[in-house]
Amino acid sequence: MRKPLFLVLWTVLFALYFIFWDCPNAVRIVLKALPELLIIVAILCNRKAIGRRTLVPVTAALVLSVLGDTAGEFKFGEIIDIAFILQIAFFVVAQVCYTVSFVRNIEDKWWKMTRREAVLKIAGILLIFIYIFFVASKVFAALDSIVFIIACAVYMGTLLASGTTSILQKRKGLALFVLGAMFFIFSDSIIAINSFVEPVEHPRAIIMSTYFIAQLLLNVNLVKK
């Protein structure tokens with residue numbers, strides 16, 4: 001699958017999710033999964049060029065993200081807490097998979113970085129630390145369940161790991177990987193703030209648009225030109 005066709009199809013599926021905003025739950029689950037399933041198909045079509053070391057963790061991350069999205073649609077009634085924990089669990093492992101793919105592309109000869117590269121990487125990592133610490137301080141102050149505290153702490157840790165390792169890579173199109181990780185962190189921070197701290201205006205629109213964009217940016221470089 002060529003990149004132009006992939007981007008057109010992804011844009012259509014992205015738009016369809018928001019067009020059919022108030023559709024039944026079962027339909028919404030499918031519409032939410034379609035952009036990610038398209039990314040999986042596009043990546044598998046280019047598997048020979050990607051290589052197994054990147055293909056396996058990235059594909060696993062996308063599949064787990066779909067499962068996390070599905071669990072997120074069942075947060076109602078008596079199963080709301082179970083659905084939330086399942087959603088966090090799937091997303092935690094997905095972030096670990098993305099981190100694995102990033103680690104495999106980290107520059108092993110880091111001492112050969114230019115001063116400008118070093119400054120940019122250090123600045124980026126510091127910004128991630130500060131932002132996640134800021135969000136975590138607000139979320140943990142609002143939590144009274146030890147299970148939720150542990151779940152959120154683990155997930156914040158995996159976001160920190162994926163964000164910092166995305167910056168440490170030496171990879172063609174690095175900016176897109178970093179932006180994807182940043183969008184992911186922002187999207188998930190809005191989920192946490194809206195769920196535990198205070199209501200956010202238009203949370204679903206913000207969360208889902210940044211989430212879809214994050215998944216695209218993290219994987220678009222893997223699709224053939």
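Colleague: Where is Ser 101 found?

Modeller: Ser 101 is found in helix α5, which covers residues 80–103. Bear in mind that this is a predicted model.

Colleague: Why does Ser 101 count as buried?

Modeller: Buried means under 20% relative accessible area. Ser 101 has 1% relative accessibility, so Ser 101 counts as buried.

Colleague: And which residues is Ser 101 in contact with, leaving aside neighbours within four places in sequence?

Modeller: Those contacts are Pro 57, Val 58, Gln 169 and Arg 171. Contact here means heavy atoms within 4.5 Å.

Colleague: Which helices each supply at least two residues of the lining of the largest cavity?

Modeller: Helices α5, α7 (146–168) and α8 (174–197) do. Among the lining residues are Phe 84, Phe 91, Tyr 155, Asp 188 and Phe 196.

Colleague: How does that lining divide by class?

Modeller: There are 10 nonpolar residues, one polar and one charged. Asp counts as charged, and Asp 188 is one of the lining residues. Phe, Ile and Tyr count as nonpolar, and the lining includes Phe 84, Ile 88 and Tyr 155.

Colleague: What lines the second largest cavity?

Modeller: Its lining consists of Tyr 131, Ile 132, Val 135, Met 156, Leu 159, Ile 185, Asp 188 and Ser 189. Helices α6 (115–142), α7 and α8 each supply at least two residues of this lining. By class, six are nonpolar, one is polar and one is charged.

Colleague: Now the whole chain. How many helices and how many strands are there?

Modeller: The chain has nine helices and zero strands.

Colleague: What share of the 225 residues is buried?

Modeller: Buried residues make up 45% of them. As for contacts with a separation of 6 or more, 75% are between residues 24 or more positions apart.

Colleague: And how much accessible surface does the chain have?

Modeller: About 11,800 Å², with 73% of that belonging to carbon and sulfur atoms.

Technical notes. Residues are numbered from 1 along each chain as its sequence is written. This is a predicted model: local features need pLDDT of at least 70, side-chain atom pairs count only at pLDDT 80 or more; totals for chains, interfaces and linings use all residues. Side-chain values use heavy atoms; hydrogens and water are left out. Helices (H or I, at least four residues) and strands (E, at least two) are DSSP runs, numbered from the N terminus. Buried means under 20% relative accessible area, exposed over 50%, partly exposed in between (1.4 Å probe, protein chains only). On a 1 Å grid over the protein atoms alone, a cavity is a set of points where a 1.4 Å probe fits but cannot get out, and a pocket is an open set with protein on both sides within 12 Å along at least five of seven lines; lining residues have an atom within 4 Å of a point. Accessible areas come from the Shrake-Rupley method with a 1.4 Å probe; for residues, only the protein chains shown count as cover.
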